[in-house]
Amino acid sequence: MENGAAQPVIVAIDGPSGTGKSSTSKAVAAQLGLSYLDTGAQYRAITWWMVSNGIDTDDPASIAAAAGKPEIISGTDPANPTITVDGTDVSGPIRTQEVTSKVSAVSAVPEVRARITELQRSLAASAETGIVVEGRDIGTTVLPDADLKVFLTASPEARAARRSGELKSTDVHTTREALLKRDHADSNRKTSPLAKADDAVEVDTTDLTLPQVIECVVTLVEEKRAAK
């Protein structure tokens, strides 16, 4: 890095699923030598723990009561982001359909958000070179003072096509319905909804390739870093 002691740069990348958020965030962090945090994985991890421990995920009071119990540790290396719950590697189990279908309900509980937000802020504060944090409420709630805020969007059709490609088995129509349902849940929840910060740069990824999106965000980060 120039002048030895470059300031750490904090980048918030928000947006709904299927916009290329994870791939973009990981690549940008790797390219710029920053840490990386997938906040969605943390919400999936706490959801997985609730499901595994028989907590009624339809009952916010039960979720709230258990929110402090699991120990969630996120590795922030973009080349190999890890996540463990109580010492167990859950990177696979958190991607199941069961967890995906329940994560919005669990994430909407204020005690869960408070707990996970605290984790996210401490990880961002301890990132020596800086960090790329991806999620749904990073620029608005978790890190409102981030150096750069990016909000990725794409048409529902493009997002569904990407997601069903990722999920391999589902058809695009079903995926589109599920995405829109989840968007609605995440955008309308009372506690830190999915929203674009006023000072965020919106990048519509519908007609862009992944390398183009990455290049765009890397350029934005470099401009911010140069100006610090």
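Two strands pair if DSSP finds at least two bridges between them. Helices (H or I, at least four residues) and strands (E, at least two) are themselves DSSP runs, numbered from the N terminus. With that in hand, here is a friendly tour of the chain above.

This is a predicted model, in which local features need pLDDT of at least 70 and side-chain atom pairs count only at pLDDT 80 or more, while totals for chains, interfaces and linings use all residues. Residues are numbered from 1 along each chain as its sequence is written, and side-chain values use heavy atoms, with hydrogens and water left out.

**The whole chain**

Nine helices and eight strands make up the secondary structure of the chain. The chain is as compact as a globular protein of its length, because its radius of gyration of 17 Å is close to the 17 Å that the globule rule gives for 228 residues. That radius is taken over C-alpha atoms, and the rule is 2.2 Å times the number of residues to the power 0.38. The C-alpha trace spans about 55 × 35 × 30 Å along its principal axes.

Of the 228 residues, 46% are buried (under 20% relative accessible area; exposed is over 50% and partly exposed in between, with a 1.4 Å probe and protein chains only). Among contacts (heavy atoms within 4.5 Å) between residues at least 6 apart in sequence, 77% join residues at least 24 apart.

Where does Ser25 sit? Its place is in helix 1, residues 21-32. Ser25 is buried, with a relative accessible area of 0%. Leaving aside residues up to four places away in sequence, Ser25 touches Ile13, Tyr36, Val132 and Glu134.

Ser74 has Ile83, in strand 4, as its bridge partner.

| Strand pair | Sense | Bridges |
|---|---|---|
| Strand 3 and strand 4 (residues 83-85) | antiparallel | three bridges |
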